[in-house]
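Visitor: I'm new here. Could you take me through one part of this structure up close?

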Amino acid sequence: MFYTVTAPPSQSAGDTGCRRGGTVCAVLALTGPGLHPVPLAALAVGAAWYANRVGRLRSRGGTWPLLRTGFFAAALVTVGVGSVAALPGFTGRAVQDLLLFLVAPPLLVLSGPLTLGLAAGGKGAAAARRAVTGRVARVVLHPVSAWVLYGTALLALYFTPEYRIGAAHPAVRLLIDLELVTVGWLFAYPLAGPDPKPRQLGAGWRIVTVMFGTIYFSILGMAMQSQRTPIAPGVTPAAMHAGGGDLWSSAELLTIAATIGILYEWLFVDLGRARRADQVNAAEDARQLALWRASRREAGLADVRARESVIVRSRPTGTERSEAAFA
């Protein structure tokens, strides 16, 4: 799957591999066997950007939740495990696909990079916001469209020549890894996270959308365990059966965890927001009631003054002197 540095026993990898592979091989010799520099560079750029935005936001007097930074760091680690190093066997590759497809995208969404970019300032963040809330995003990020892409990604990977081509060509394998992360992000983006969205899904719809994942991964796991022909050189049906079982069980557990996370957000976060909104509305209602009472009181006093003025004007001439003498 990945570039590796090998050399005959009589020669070292640094001497022979770098003479044969040039600059790329030299970089791979520095990163170690099985490590690919392209995802390493992408992860380094992502980490530098996020740290820069957090620092810029704090320099402007703002704050950023440490939990969201932790989510971003976990997303980078997950992508690193899924794409930088090659785990042995088809089962290891299936675990990596699951990390890239089902674990890294929700962590990335929960880290709120777009919200961070908007808070820190920058034209790029504004353009990204317009992109994820525009007409095209409304179609692509619609739950039906996202499910079509999400449902076909792993099926196409394991039941078409896509896996075999990726195993033979490391550059194609990197594109497949990017596809898995992107499709997983398109599916997870409308379901969670603080970033702007083209539409807000209710907690019930989000739970239903995630729960469909249990059906999807059950079908995928059964299909993989029913496979009778190798999908790529070195991948036996027995290995695919084992990988399908591991992917099936792991995906079911992660789907249940995602459902629990949405329930938690609904019960504690959304209800907390509703409670705070009720408090604000109650305070506004009290203020409006006080203003109304004050206006009614003022109107009543004005009415009393008007009546007294009418009484004074309607008295006969000399009444004031008679009342003064009587007093």
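Guide: Let's start where helix α4 (residues 89-110) meets helix α10 (residues 170-188): their axes come within 8 Å and cross at roughly 40°. That makes α4 oblique to α10, as angles under 35 degrees count as roughly parallel, over 145 as roughly antiparallel, 65 to 115 as roughly perpendicular and the rest as oblique. Axes here are lines fitted to C-alpha atoms, for helices over the stretch in contact, with angles from 0 to 180 degrees between N-to-C directions. Helices are DSSP runs (H or I, at least four residues), numbered from the N terminus.

A quick word on the model: it is predicted, local features need pLDDT of at least 70, side-chain atom pairs count only at pLDDT 80 or more, and totals for chains, interfaces and linings use all residues. Residues are numbered from 1 along each chain as its sequence is written, and side-chain values use heavy atoms, leaving out hydrogens and water.

Back to the pair. Contact means heavy atoms within 4.5 Å, and on the α4 side the residues include Arg93, Asp97, Phe101 and Pro105, while α10 brings, among them, Arg173, Asp177 and Trp185. The residues of this α4 and α10 contact divide into 11 nonpolar, one polar and four charged. Nonpolar covers Ala, Val, Leu, Ile, Met, Phe, Trp, Tyr, Cys and Pro; charged covers Asp, Glu, Lys and Arg; the others, Gly among them, are polar.

α4 also packs with helix α8 (residues 143-159), at about 160° and with the axes 12 Å apart. That makes α4 roughly antiparallel to α8. Phe90, Ala94, Asp97, Phe101 and Leu102 of α4 touch Tyr150, Ala153, Leu154, Leu157 and Tyr158 of α8.

How values were computed:
Helices (H or I, at least four residues) and strands (E, at least two) are DSSP runs, numbered from the N terminus.
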